[in-house]
Amino acid sequence: MTTSPVLLDVQGLQTAFHTEAGAWLAVDGVDLTIKRGEILGLVGESGSGKSVTGFSLLGLIDAPGEVVAGSVRFKGEELRGLSEEQMRTLRGDRIAMIFQDPLMTLNPVLKVGEQMAEAISTHYPRVSREEIRARCIEALGQVGIPSPQTRLDNYPHEFSGGMRQRVAIAIAMLNKPELIIADEPTTALDVTIQGQILFEMQKLCREQNTAMIWITHDLGVVAELADQVAVMYAGRIVEYGSVEQVLGSPLHPYTQGLLESMPGVTTPGERLAQIEGMAPTLTTREAGCPFRPRCTRSDVLCGQRAPEVTIRGERHFRCHFPLEAQA
Ligand code: SF4
């Protein structure tokens with residue numbers, strides 16, 4: 001996996017939301033690379049900027065939001081500055097997005113089979129009807145939908161929530177994308193169905209050598225699914241590295257706090273630990289390290305200067321006083 005060439009290279013990405021009081025950076029200098037076939041967990045609390053990052057990569061930020069700086073290179077090609085039509089050609093073909101709400105993908109008044117056929121024929125108009133049908137049936141089967149031949153004739157409302165999300169995933173996988181960006185697609189589902197979908201997504205990505213960015217607030221999901229993890233806080237990536245290293249031996253106090261608040265870390269009957277305080281909103285970020293009001297390791301320097309990125313081997317972090325890595 002580590003020898004795979006870089007598929008997506010993001011440098012210095014900034015996305016602002018313009019208000020009468022000024023421009024607020026929801027994404028503030030994000031750097032990310034993802035290799036072919038690699039699964040990256042992008043994790044953070046609500047408001048950390050993780051979903052805005054995902055939408056920014058695909059050119060899906062609407063006013064008053066705007067990507068204001070940085071570069072997003074996909075297979076070496078700069079995506080910033082491409083026309084909406086060029087981005088549409090990429091989306092749903094080489095890059096696919098899976099949303100938290102499958103109805104962002106599915107049209108409620110069209111049969112699933114019609115929508116799937118359109119997803120193929122828009123990008124590949126010469127594919128025959130027979131082949132399209134065969135590919136749709138195969139894709140539904142791959143995500144665990146029973147009797148896919150007959151389900152092609154159903155409307156989205158005739159599927160349960162979990163099955164609807166599987167259909168949305170099948171559509172995303174139809175054209176064998178090289179990169180999938182998945183924004184909390186299993187958050188609304190129960191734990192058993194979530195586990196099944198994670199397993200199937202991982203299997204499909206491995207089989208098709210598809211890279212994936214899985215956006216989530218849940219480190220447990222990252223542990224199960226991902227190769228690499230990027231932890232976001234207040235618009236920045238505060239820690240990045242392999243899942244094994246970051247979850248096994250975090251360097252950033254925020255990552256450690258997230259880990260300690262995961263169910264299963266405490267012994268049965270013991271209360272779950274929680275990170276004290278609230279994450280800052282866009283308008284309440286102070287100077288210095290944004291995690292400072294909640295950090296048990298903060299010192300004077302933390303209030304004076306925001307930490308820059310430190311690179312230690314394959315690991316990146318932003319902290320003046322990192323935890324010691326376990327050997
Ligand atoms: S820079 Fe300081 S306040 Fe920020 S996480 Fe590190 S120790 Fe805590």
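Modeller: About 90 Å³ of space lies in the largest cavity. On a 1 Å grid over the protein atoms alone, a cavity is a set of points where a 1.4 Å probe fits but cannot get out. Grid points are joined across faces, edges and corners, and a volume is the space filled by probe spheres set on the points. Rolling a probe the size of a water molecule over the atoms shows where empty space is left.

This is a predicted model, in which local features need pLDDT of at least 70 and side-chain atom pairs count only at pLDDT 80 or more, while totals for chains, interfaces and linings use all residues. Residues are numbered from 1 along each chain as its sequence is written, and side-chain values use heavy atoms, with hydrogens and water left out.

The largest cavity has 13 lining residues, and C289, C295, S298, C302 and C319 lie nearest its centre. A lining residue has an atom within 4 Å of a point. By class, this lining holds 8 nonpolar, 3 polar and 2 charged residues. Here Ala, Val, Leu, Ile, Met, Phe, Trp, Tyr, Cys and Pro count as nonpolar, Asp, Glu, Lys and Arg as charged, and the others, Gly among them, as polar.

The ligand sits in the largest cavity, meaning that more than half of its atoms lie within 2 Å of the cavity's grid points. Around the ligand there are 13 residues, the closest being C289, C295, C302, C319 and H320; a residue counts as near if one of its heavy atoms lies within 4 Å of the molecule. The shell around the ligand divides into 8 nonpolar, 3 polar and 2 charged residues.

The whole structure has 3 cavities of 30 Å³ or more.

A pocket is an open set of points with protein on both sides within 12 Å along at least five of seven lines. The largest pocket has a volume of about 670 Å³. It is lined by 21 residues, and the closest to its centre are R91, G92, A119, H123 and I171. This lining divides into 11 nonpolar, 7 polar and 3 charged residues.

The protein chain is divided into domain 1 (37-59 + 81-94 + 177-317) and domain 2 (99-174), with bounds that come from an automatic or database domain assignment. The contact between them takes 21 residues from domain 1 and 14 residues from domain 2, where contact means heavy atoms within 4.5 Å. Both domains give residues to the lining of the largest pocket, so the pocket lies between them.
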